[in-house]
Each structure stands twice: as C-alpha cells, then as structure tokens.
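Subject: Structure handover

Hello,

Here is the structure for your files. My notes on a helix pair and on the salt bridges follow below it.

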Amino acid sequence: MRALAGSADVFIENFRPGLVAKYGLGYAAICAIRPDIVYCSIPGYGQEGAWSGRGAYDHVVQALTGMMMSGEPPDAAPLKVGFPVIDVAVGMLGALAIVAAVHRRSRAGLGQHIDAWMLQASLMLMYPGA
C-alpha cells in the first residue's frame, strides 16, 4: 500500500479514526511518502470527539439523526430509507472535496487531509429540517 501511495494522487480510507495509522497508513505516514497527497478519511462521526471511535452504519446514522422519523404522517413509526442513502451521500461529499483538493494541488502544489463524516452527510440531506 505504501508503495502504491508513492505514485497515487488520492488515498481514501473509511475506517474508525486511528485504525489505518496502526498499519502505517495514516495521513502522516502517507504524507511522508507523498507530501502532496489528497487523503480522504470517511469516518462515521469525525476524527475527534466522544463518538469518533464508534462504528457507523448507514441505518444506525439514519436512526441517530432522526432521518427515520422524518416521514409522513408525523406520528408514523420510524422507517429506514429504502437504500443506503447516507453511504451514497458521504461518498459524493468525499468525491466533491477530493476534486476540489486535486484542483487546489494543481494550482498550489499542496496536498490535503479531507474528513467527510457520515453524520455530516445525513444532516446535509435533512436540510433545512435539521
């Protein structure tokens, strides 16, 4: 993986914060190999904070954020969205951020660490209700 990272433009990981660092694949280690790398982390709840170490799954985040309670009628039982909408949305947020970071690198020569959370994606989807 480290050999591949030396010639990669982008490195993406979606594990709990700190897990890939145990295997020498964290941002600092990859950046030491390729200083202008665009490194995208996709955790459930961000890199820091009380919930950062928790695992996240699409339907768990749907329940946590109230997305399952946003159906009609207002007093209906919670219902999951019929497909993994948060997984799709966080992938799109990550991809958009990656494209912007690659563009920035082409102009300024700088890499970047992107942190796209599943929780962020869920709240974005529920705007303006959230």
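This is a predicted model. In helix H3, Asp58, Val61, Leu64 and Thr65 are in contact with Met118, Leu119, Ser122 and Leu123 of helix H5. Sorted by class, that contact has five nonpolar, two polar and one charged residues. H3 covers residues 58-65 and H5 residues 118-125; their axes lie 10 Å apart and the packing angle is about 55 degrees. H3 is therefore oblique to H5, and the crossing is right-handed.

On to the charged pairs. Three salt bridges turn up in a search of the whole structure.

- Asp9 with Arg34: the closest N and O atoms are 3.7 Å apart. Asp9 sits in the loop between helix H1 (2-5) and strand S1 (10-13), and Arg34 in the loop between helix H2 (27-33) and strand S2 (38-41), 25 residues apart.
- Asp9 with Arg105: the N to O distance is 3.2 Å. This pair links distant parts of the chain, since Arg105 belongs to helix H4 (residues 85-108), 96 residues from Asp9.
- Arg34 with Asp36: the N to O distance is 2.5 Å.

As for accessibility, Arg34 has a relative accessible area of 16% and is buried; Arg105, with 10%, is buried too. Asp9 is partly exposed at 43%, and Asp36 is partly exposed at 22%. Through shared partners, the salt bridges join Asp9, Arg34, Asp36 and Arg105 into one network.

Regards

Key
Residues are numbered from 1 along each chain as its sequence is written. This is a predicted model: local features need pLDDT of at least 70, side-chain atom pairs count only at pLDDT 80 or more; totals for chains, interfaces and linings use all residues. Side-chain values use heavy atoms; hydrogens and water are left out. Axes are lines fitted to C-alpha atoms, for helices over the stretch in contact, and angles run from 0 to 180 degrees between N-to-C directions. Helices (H or I, at least four residues) and strands (E, at least two) are DSSP runs, numbered from the N terminus. Angles under 35 degrees count as roughly parallel, over 145 as roughly antiparallel, 65 to 115 as roughly perpendicular and the rest as oblique. A crossing is left-handed if the near helix is turned anticlockwise from the far one by less than a right angle, and right-handed if clockwise. Contact means heavy atoms within 4.5 Å. Ala, Val, Leu, Ile, Met, Phe, Trp, Tyr, Cys and Pro count as nonpolar, Asp, Glu, Lys and Arg as charged, and the others, Gly among them, as polar. A salt bridge is a side-chain nitrogen of Lys or Arg within 4 Å of a carboxyl oxygen of Asp or Glu. Buried means under 20% relative accessible area, exposed over 50%, partly exposed in between (1.4 Å probe, protein chains only).
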